[in-house]
Amino acid sequence: MIGGLFIYNHKGEVLISRVYRDDIGRNAVDAFRVNVIHARQQVRSPVTNIARTSFFHVKRSNIWLAAVTKQNVNAAMVFEFLYKMCDVMTAYFGKISEENIKNNFVLIYELLDEILDFGYPQNSETGALKTFITQQGIKSQPQTKEEQSQITSQVTGQIGWRREGIKYRRNELFLDVLESVNLLMSPQGQVLSAHVSGRVVMKSYLSGMPECKFGMNDKIVIDKQGKAGASDEAGKSSGKQSIAIDDCTFHQCVRLSKFDSERSISFIPPDGEYELMRYRTTKDIILPFRVIPLVREVGRTKLEVKVVIKSNFKPSLLAQKIEVRIPTPLNTSGVQVICMKGKAKYKASENAIVWKIKRMAGMKESQISAEIELLPTNDKKKWARPPISMNFEVPFAPSGLKVRYLKVFESKLNYSDHDVIKWVRYIGRSGIYETRC
Amino acid sequence: MPYLGCEETVKELKRALSNPNIQADRLRYRSYITRVIRSMTQGLDVSALFMDMVKASATVDVVQKKLVYLYMCTYASHKPDLALLAINTLRKDCADPNPMVRGLALRNMCNFRMPGITEYIQQPILTGLRDKASYVRRVAVLGCAKMHSLRPSTEIDPSIVNELYALLRDPDPVVMVNCLRALEEILREEGGVVINKPIAHHLLNRLKDLDSWAQSEVLIFLMRYRPRGDDELFDVLSLLDEFLQSVHTPVMAATLRLFLRLAAAHPAVQADALLRARGPLLAACGSASRELRFAGLCHVQQVLRSQPALYSGQYKRFFCGYSEPGYIKLRKMEILVELVNDENVVLVLEELKSYCTDVSPELAQAAIAAIGHIGRTYTEKCLDILTGLLALQQEHVTSAVIRTFRDLVWFCPQSIGAVCRAVEVCGENPQDTEGKQALLWLLGMHGEQISSAPYVLEGFIDGIKAELSSAVKTELLTAALKLFLCRPAETQDMLGRLLHYCIDEESDMCVRDRALLYYRLLQCGVDEARKILLGPESDPSMTVLAGRPEEPVGCWASGFNTLGPLAGADAHPDAPPADSSAQHCHSTEEEVVSKPPCQACPESAGAAEGPRNTGDSQEEPGLTLGPPLSHEAFERLWVELRVLHRQTLGFPPPAAPPETLQAVLQLVKVQALAFSRCEARPWKAYVCARAGSTLVLAELLHGDPAVPDSQDALLLSVKQRPENLQAIRGFVSVLHNALQTLSSDRT
């Protein structure tokens with residue numbers, strides 16, 4: 001149960017304050033500001049206890065969202081609620097920024113009113129919420145009969161995430177496999193830890209109440225089919241790579257019982273954009289880039305750094321937005337950089353050399369060498385050598401996940417699987433991709 | 001004082017709102033209302049406009065209605081008489097054909113905070129409960145709870161309660177959950193909503209239809225239900241099974257908690273549930289958002305308390321990323337320490353070593369402390385790393401290493417030599433109070449083996465005038481005196497100076513008194529001083545106490561998935577722990593200690609009556625195991641109580657390995673808390689048992705030079721609460737027999 005919700009800007013000024021329960025006093029708003037936002041030291045924990053009141057906060061750019069409660073609640077749930085709140089706000093007015101919040105404060109109050117009642121979460125699906133929210137000119141007229149009946153069916157229907165009677169002239173489905181690959185590598189090139197956390201995001205514009213079935217190269221399914229099918233089919237499927245998924249979670253629309261028994265993912269999709277599943281893999285990850293660092297200290301006032309990056313995927317694919325960040329010591333006085341590809345710059349304010357490459361094909365390598373001049377200091381502290389981090393975007397899924405099929409069935413309306421236009425896209429991004437040097 | 005022109009603004013708004021031209025133009029009228037709300041959020045007092053806003057509420061425009069309701073809810077308590085005017089409009093809206101308007105009006109009417117409102121809202125709420133739109137029913141159900149919270153002292157209306165119980169069968173899932181929530185609040189005094197068998201099964205079957213918030217709340221409500229018999233229990237568990245792998249971390253955690261609670265009598269089921277929840281918990285630990293990651297880590301820590309081996313294969317998941325916030329890194333380090341085993345120790349130490357150079361001193365010190373902790377088991381490897389860290393010559397690192405050395409030496413006497421060599425070559429002294437104290441302690445305790453000890457100490461004594469901390473000064477006094485006892489020639493002069501300064505010039509009474517005490521002690525003679533000052537150099541038996549054994553799941557299951565695990569013991573040193581669960585946890589432990597374990601062992605109740613009723617009947621109350629005692633509770637009690645009984649057992653300690661010893665004691669229903677290793681001297685063991693209604697604690701001691709009785713036979717000291725000599729007699733004879741059997745086995 002959430003007693004109240006506050007939104008602050010980076011200075012700690014209250015932008016939104018909504019109190020649901022009487023046990024949250026007026027001073028709670030200030031207590032959080034004084035103890036957390038204005039506290040000098042780093043944030044010690046996302047949960048703060050002040051005078052027997054718990055404050056849960058998350059930060060989005062420089063906006064603080066804080067939920068307050070006096071009860072012993074389930075922390076993970078409150079955080080999920082705050083994320084959901086952020087998602088809903090983003091869906092309504094884009095990026096969460098001070099300006100956007102100030103411009104949309106009436107809308108936010110309206111949202112808060114619908115999402116929480118007396119501190120209890122009521123409804124948080126963006127699609128379903130749209131029916132109740134009147135701001136932004138979505139519904140400025142008194143409602144028509146049709147809309148009224150929609151609300152009734154919406155709120156009485158068993159399927160909370162989809163309303164009935166949706167119609168599209170063109171039935172379309174967009175499927176994005178978004179992955180972020182995380183890596184921690186030792187200077188010797190040994191993988192210390194690597195995992196991919198991926199999301200399958202769908203945008204569905206389908207009429208009626210369609211039933212969808214989604215298939216991917218999940219190892220368990222492929223193995224099962226291989227055993228059940230004929231021998232030649234087994235040979236075919238073994239040619240395709242399958243992946244072992246460590247754990248996965250689904251949108252509430254997916255029938256979990258079916259997934260448990262047959263590992264098939266079937267569901268009635270919500271309308272519009274939603275996240276179908278989230279998964280993690282840790283085995284057989286394709287690491288799109290290898291970073292090979294070489295740091296040499298020449299005397300006390302000079303450092304020589306050479307970094308080679310190698311792209312490790314099909315030559316026909318192009319990686320984009322590559323950025324390598326090479327940290328430099330605090331007492332750096334000057335840097336000379338030579339790189340064969342892209343642009344590199346020393347950013348004194350960030351204590352790093354930032355090397356940007358717009359595009360890079362697979363199976364290529366590129367290198368940068370830098371000479372760093374250091375100011376002599378009498379500080380005996382050794383430089384801690386933070387890891388070299390990397391950002392990039394590649395057009396494939398580093399986990400190896402492939403979408404095998406996505407079938408749509410709608411029994412009542414007369415359109416079939418073939419009439420649906422489907423789009424599939426893979427995007428692999430870097431999460432925390434670090435190599436120690 | 002927010003805005004200077006505040007009165008002007010209010011006047012202007014008032015003029016605009018009452019202007020008939022503006023009233024006619026709907027959009028302009030609404031934009032003025034928006035301005036009123038904006039001023040309200042900025043902290044301006046716009047309550048003077050209440051009358052105009054009430055007028056504005058009579059409209060068909062839903063947007064305008066919402067805005068006005070928001071305004072009214074804020075100011076209704078300031079202007080109760082005017083708010084009554086608005087009630088009429090609201091009641092009319094409650095009968096609107098549009099379910100959204102009905103719901104909206106009802107919700108806002110319930111949100112008014114003013115005396116006497118209940119009589120106006122009761123009827124609409126009752127009508128709302130039977131509304132055909134579930135949106136209105138949702139609002140009405142929570143309205144009942146709001147009405148109750150407005151007048152908490154009034155009697156509970158049984159008809160509303162019955163109506164709410166009936167609505168648990170509502171087709172709309174949110175209505176159902178809202179009913180639970182409302183009943184819980186209304187019936188709080190009576191212990192909350194009652195979950196009987198039909199309700200529990202209904203909830204279990206509906207669980208799938210609910211959204212994640214509702215699911216996790218329902219799972220918490222289900223904790224109240226106790227299935228009758230194993231068959232029903234397993235039915236319930238198999239229904240819950242799929243939620244253990246749920247999408248949402250909170251739902252998964254809530255299910256796990258319910259599992260642990262329901263299967264409290266089936267440890268195998270609990271272990272299985274923990275195993276299957278491992279994947280989702282690890283997923284939470286690797287989640288993209290740091291707050292969820294933090295919550296996941298805290299919960300893994302809880303699981304580790306009873307199943308440390310469960311995650312040891314996954315130790316790499318707990319390596320820290322460079323950009324992670326400090327609170328996550330700290331937790332990860334704590335977990336890594338728990339996960340260490342023979343296979344991964346090298347890699348884990350390597351990893352922790354790299355954290356020791358972290359930019360944040362706090363994290364670096366935590367990493368060093370973590371290495372020290374591992375050092376209690378893998379002494380040599382850790383000593384190498386710690387010694388290597390001294391070469392960094394960074395102040396905070398040195399200080400943390402010295403502190404770690406002090407603890408290590410106390411636990412593992414075999415490390416004394418290496419530590420002394422390391423301290424010897426360490427060029428820099430720590431500058432903070434804690435570090436200084438640790439260094440002084442080491443110098444005093446092991447001064448014989450550190451050749452430079454007198455010089456270092458001299459440095460401290462010369463700088464004593466600049467020293468601010470009295471704790472450091474006291475430690476310095478003790479160290480100097482101890483060093484004097486083993487190396488008198490080098491130390492005599494400086495000890496004299498130190499005592500002189502402390503007695504004559506020191507203003508802190510504690511330091512001065514300590515100096516006087518030592519001075520007089522020395523007057524009594526060196527031998528006397530030695531006898532008093534030199535204690536044992538280390539206590540290896542502490543290792544066994546410190547090495548935390550696996551706790552039963554029940555210890556932490558009650559606090560799982562609440563705020564308890566997140567708060568941590570040291571997370572907020574300055575803030576009082578606000579969550580009741582942590583305290584609750586604590587108090588249950590107290591209860592276990594202080595109360596006779598009635599439910600756990602029914603025969604003990606009879607035994608408790610026994611001695612009192614039958615006076616001198618010779619029947620000895622039998623020993624019972626009962627719920628195990630935690631180490632902290634044991635330590636606390638041991639310090640608190642006095643020795644009631646002491647005797648020598650007449651034979652040396654059994655040479656059997658600790659596991660055998662533990663198994664044998666288990667057989668005779670004695671809980672073994674800690675043992676020294678077989679060949680250690682002095683050999684110590686701590687055991688406890690429940691006899692009837694009392695708790696018996698005992699220490700076995702052998703070969704302690706300080707206690708002559710223990711030289712060649714075991715010495716048994718017994719403490720008890722509450723006192724019952726008969727129980728002690730029984731306990732001693734049981735223990736005597738068990739140990740004698742073991743000892744004679746050997747010969």
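1. Contacts of Asn74(A). Leaving aside residues up to four places away in sequence, Asn74(A) touches Ser216(B), Pro250(B) and Asn561(B). The model under discussion is a predicted one. Asn74(A) sits in the loop between strand S5 (63-69) and H2 of chain A. Its relative accessible area is 4%, so Asn74(A) is classed as buried, the limit being under 20%. Within chain A, the side chain of Asn74(A) reaches the backbone nitrogen of Ala76(A) at 3.2 Å.

2. Extent of the interface. How many residues of chain A are in contact with chain B? The number is 83, and they meet 89 residues of chain B. The size of an interface is often given as the accessible area lost when the parts come together. Between chain A and chain B the buried area is about 7600 Å², with carbon and sulfur atoms giving 54% of this area. On the side of chain A, the residues that lose the most area to chain B are Asn49(A), Asn72(A) and Phe118(A), which together account for 8% of what that side buries.

3. Polar and charged pairs across the interface. Between chain A and chain B there are 8 salt bridges. The interface also holds 17 residue pairs in polar contact, both residues being at pLDDT 80 or more. Helix H2 (residues 75-93) of chain A supplies the largest share of the side of chain A that touches chain B, namely 8 residues. By class, that side of chain A comprises 32 nonpolar, 28 polar and 23 charged residues.

4. Named salt bridges between the chains. Asp246(A) and Arg317(B) are joined by a salt bridge in which the closest N and O atoms are 3.1 Å apart.

5. Composition of each chain. Chain A has 9 helices and 23 strands, whereas chain B has 38 helices and 6 strands. Of the 437 residues in chain A, 53% are buried; for the 747 residues of chain B the figure is 55%. Among contacts between residues at least 6 apart in sequence, those joining residues at least 24 apart make up 70% in chain A and 66% in chain B.

6. Arg138(B) and Asp172(B). Over all chains, the count of salt bridges is 52. One within chain B pairs Arg138(B) with Asp172(B), with the closest N and O atoms 3.1 Å apart. This pair links distant parts of the chain, 34 residues apart: Arg138(B) belongs to helix H9 (residues 134-150), and Asp172(B) to the loop between helix H10 (158-167) and helix H11 (173-186) of chain B. Are the two partners buried or exposed? Arg138(B) is buried at a relative accessible area of 8%, and Asp172(B) is buried at 3%.

7. Glu184(B) and Arg224(B). The side chains of Glu184(B) and Arg224(B) meet in a salt bridge, at 2.8 Å from N to O. Here too the pair links distant parts of the chain, 40 residues apart, with Glu184(B) in helix H11 and Arg224(B) in the loop between helix H13 (212-222) and helix H14 (229-240) of chain B. Glu184(B) is buried, with a relative accessible area of 16%, while Arg224(B), at 37%, counts as partly exposed.

8. Glu242(B) and Lys208(B). A further salt bridge joins Glu242(B) to Lys208(B), the closest N and O atoms being 3.8 Å apart. Because Glu242(B) lies in the loop between H14 and helix H15 (249-262) and Lys208(B) in the loop between helix H12 (197-206) and H13 of chain B, the pair ties together parts that are 34 residues apart in sequence. Glu242(B) is buried, with a relative accessible area of 14%, whereas Lys208(B) is exposed at 52%.

9. Cysteines. How many disulfides does the structure hold over all chains? The count is 0. Cys94(B), for instance, is in no disulfide: its nearest cysteine sulfur, that of Cys110(B), is 8.0 Å away, and a disulfide would need the two sulfur atoms within 2.5 Å. Cys320(B) has a relative accessibility of 4% and therefore counts as buried.

Terms used:
Residues are numbered from 1 along each chain as its sequence is written. Chains are lettered from A and ligands numbered from 1 in the order in which they are written. Side-chain values use heavy atoms; hydrogens and water are left out. Buried means under 20% relative accessible area, exposed over 50%, partly exposed in between (1.4 Å probe, protein chains only). Contact means heavy atoms within 4.5 Å. Buried area is the accessible area (1.4 Å probe) that two parts lose on being put together, summed over both. A salt bridge is a side-chain nitrogen of Lys or Arg within 4 Å of a carboxyl oxygen of Asp or Glu. A polar contact is a pair of N or O atoms within 3.5 Å; within protein, one must be able to donate a hydrogen and the other to accept it, and residues adjacent in sequence count only if both atoms are side-chain atoms. Helices (H or I, at least four residues) and strands (E, at least two) are DSSP runs, numbered from the N terminus. Ala, Val, Leu, Ile, Met, Phe, Trp, Tyr, Cys and Pro count as nonpolar, Asp, Glu, Lys and Arg as charged, and the others, Gly among them, as polar.
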